[in-house]
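Trainee: Could we take a close look at one part of this model? I'd like to go through the aromatic rings.

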Amino acid sequence: MKTELRSCAACGEPISDRFFLEVGGCSWHAHCLRCCMCMCPLDRQQSCFIRERQVYCKADYSKNFGAKCSKCCRGISASDWVRRARDLVFHLACFACDQCGRQLSTGEQFALMDDRVLCKAHYLETVEGGTTSSDEGCDGDGYHKSKTKRVRTTFTEEQLQVLQANFQIDSNPDGQDLERIASVTGLSKRVTQVWFQNSRARQKKHIHAE
């Protein structure tokens, strides 16, 4: 009785060889099993990879589909030490503040803004006296902090006099006036804007209390 020969998944020809290879449920001539990228023979390799019916050597599979560092975009091997921040992965040496380039240590607070890593100091500088919260602040292992930490701005007596005088004139100044007041007081526009917002809220609360 005639035995039906297997067909090679690569060339489609029948396999009459004494030895053949089984990969991904398909049969291959030994000389036909090659990486689709670099065409290196895989018959003597310990492993190979299949994705969408394409065969890859380990190096090319890792290059195309393996985890990549979010900073340098190079591949991350199983032996590399890494840092994680949300869904991003970094080489240990690449996990550094995008602003000052300082490598961040384990346990040190950092923030992510548009997938950029910032140390705590430069995050606070970027938001101009804003707050670090569980939405942005993370600990050294990439986990969100559960507590909100607010940065309090202190005002000099002279700054408060200027702010209060302008508040009496206009409690809701526009952007141009805010820039002028910020320039006079030496404060940032953001801090000046927040002071006016808080003062309006206190004024409204006082009126309702009466």
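Which residue lies over the face of F65, and at what distance from the ring centre?

Mentor: That's R51, at 4.2 Å from the ring centre of F65; a charge sits over a ring if NZ of Lys or CZ of Arg is within 6 Å of the ring centre and within 35 degrees of the ring normal. Before we go on, this is a predicted model, where local features need pLDDT of at least 70 and side-chain atom pairs count only at pLDDT 80 or more, while totals for chains, interfaces and linings use all residues. Residues are numbered from 1 along each chain as its sequence is written, and side-chain values use heavy atoms, leaving out hydrogens and water.

Now, F65 also belongs to one aromatic cluster with F49, Y56 and Y61. Rings of Phe, Tyr and Trp (its six-membered ring) pair if their centres lie within 6.5 Å; planes under 30 degrees apart count as stacked, over 60 as edge-to-face and the rest as tilted. The structure holds 9 aromatic pairs. Take Y61 and F65: their ring centres are 5.2 Å apart and their planes at 50°, so this pair is tilted. Y61 and F65 sit 4 residues apart in helix α1 (residues 58-65), so about one helical turn separates them; helices here are DSSP runs (H or I, at least four residues), numbered from the N terminus. Y61 is partly exposed, with a relative accessible area of 22%, and F65 is partly exposed too, at 33%. Buried means under 20% relative accessible area, exposed over 50%, and partly exposed in between (1.4 Å probe, protein chains only).

Definitions and conventions:
Helix = DSSP H or I, 4+ residues; strand = E, 2+ residues; numbered from the N terminus.
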